[in-house]
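I am opening a notebook on a structure that is new to me, and I shall write down each thing I looked up in the order I looked it up.

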Amino acid sequence: IYVGIIAMLFATAFFIQYAFENHWVGPRGRVAVGLLLGSLIVLWSDRLLRSGYRYFSEGIAGLGASVLYLSIWGAWYYYRMISAGVALAGMVVVTATMAAISLGRDSQRLIFLALAGGFLTPLLLNRGQHHEAELFSYLALLAAATLSIERWRRWLWLPPLTFCAVQVFYWGWFVSSYRPEALGITLGFATLCVLLFPPRPHRNT
């Protein structure tokens with residue numbers, strides 16, 4: 001069954017690529033096909049889960065989410081069909097949907113994929129402009145949502161992983177884009193990080 005599923009995926013991808021290269025489908029149609037295909041793949045993953053293919057269904061769900069992210073990115077960056085704000089909103093919806101699916105399936109692998117998509121979003125939408133307030137606000141909201149999930153599910157690896165990802169973004173931005181006039185925003189976000197990730201007392205077992 002795995003061979004048949006993979007073969008079908010490759011056949012579908014080849015057909016879509018062939019249709020695009022021969023201009024059977026215009027830009028809007030291409031984005032629509034991507035969004036529809038990604039959504040159907042995510043829905044299909046639920047059917048695979050019900051059939052007992054838990055691990056494989058999670059991989060398929062991640063594939064569907066990737067198709068959705070790339071379709072939204074293509075509509076913004078490649079075809080200029082939507083604004084960056086609309087693209088951001090669309091990617092946030094995909095991330096939130098994947099997080100909800102991970103909670104419904106009690107899947108730590110899917111929440112990892114959702115977290116990865118959430119942190120990839122600002123990278124996909126980056127065009128080298130100075131939007132530190134928007135970036136830090138987004139990271140703060142993403143971190144707060146992730147910490148809320150950890151308190152609910154007790155997935156203890158989420159806070160340290162989220163903290164590391166936030167620090168990578170923060171120091172990457174600081175090295176490449178910091179300006180003296182952004183000092184207030186920089187200190188404000190650093191303070192917020194301290195509040196979001198307070199030191200936890202060590203518990204002896």
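Helices (DSSP runs of H or I, at least four residues) and strands (runs of E, at least two) are numbered from the N terminus.

**Entry 1: the model and its confidence**

I noted that this is a predicted model, in which local features need pLDDT of at least 70 and side-chain atom pairs count only at pLDDT 80 or more, while totals for chains, interfaces and linings use all residues. Residues are numbered from 1 along each chain as its sequence is written, and side-chain values use heavy atoms, with hydrogens and water left out.

I looked up the pLDDT (the predictor's confidence in each residue, from 0 to 100), and found a chain mean of 83, with 84% of the residues reaching 70 or more. Confidence is lowest in helix α1 (residues 2-21), where the mean is 61, and highest in α4, where the mean is 94.

**Entry 2: the chain as a whole**

I found eight helices and zero strands in the chain, and read along the sequence they give the pattern α-α-α-α-α-α-α-α. For burial I took buried as under 20% relative accessible area, exposed as over 50% and partly exposed as in between (1.4 Å probe, protein chains only); by this rule 37% of the 205 residues count as buried. I also looked at contacts between residues at least 6 apart in sequence, and 67% of them join residues at least 24 apart.

**Entry 3: helix α4**

The buried residues of α4 are Ala-87, Met-91, Val-94, Thr-95, Met-98, Ala-99, Ile-101, Ser-102, Leu-103 and Arg-105. I looked for what they pack against, and found α2 (27-50), α3 (54-78), α5 (108-124) and α6 (132-153).

**Entry 4: α4 against α5**

How do the axes of α4 and α5 cross? With axes taken as lines fitted to C-alpha atoms, for helices over the stretch in contact, and angles running from 0 to 180 degrees between N-to-C directions, the two come within 8 Å and cross at roughly 170°. That makes α4 roughly antiparallel to α5 (an angle over 145 degrees).

On the α4 side the contact is made by Leu-88, Met-91, Thr-95, Met-98, Ala-99, Ile-101, Ser-102 and Arg-105, and these meet Leu-110, Ile-111, Ala-114, Gly-117, Gly-118, Thr-121 and Leu-124 of α5. I sorted them by class, with Ala, Val, Leu, Ile, Met, Phe, Trp, Tyr, Cys and Pro as nonpolar, Asp, Glu, Lys and Arg as charged, and the others, Gly among them, as polar; the contact of α4 with α5 has nine nonpolar, five polar and one charged residues.

The 17 residues of α5 should span 24 Å, and its end C-alpha atoms are 24 Å apart, which agrees. Its buried residues include Leu-110, Ala-114, Gly-117 and Phe-119, and what covers the buried residues of α5 includes α3, α4, α6 and α7 (158-177).

I then found that the axes of α5 and α6 come within 10 Å and cross at roughly 170°, which makes α5 roughly antiparallel to α6. Ile-111, Leu-115, Gly-118, Phe-119, Thr-121 and Pro-122 of α5 make this contact with Leu-135, Tyr-138, Leu-139, Leu-142, Thr-146 and Ile-149 of α6. These residues divide into nine nonpolar, three polar and no charged.

**Entry 5: single residues**

Is Thr-146 buried or exposed? Thr-146, which is found in helix α6, is buried, with a relative accessible area of 7%. Leaving aside neighbours within four places in sequence, Thr-146 is in contact with Leu-115, Leu-158 and Thr-162.

Ser-148 is also found in helix α6, but is partly exposed, at a relative accessible area of 42%. The C-alpha atoms of Ser-148 and Leu-158, ten residues apart along the chain, are separated by 10.0 Å.

Arg-80, in the loop between α3 and α4, has a positive phi of about 55°. Arg-154, in the loop between α6 and α7, has a positive phi near 60° and is partly exposed, with a relative accessible area of 49%.

Definitions and conventions:
Contact means heavy atoms within 4.5 Å. Angles under 35 degrees count as roughly parallel, over 145 as roughly antiparallel, 65 to 115 as roughly perpendicular and the rest as oblique. The expected span of a helix is 1.5 Å times one less than its number of residues.
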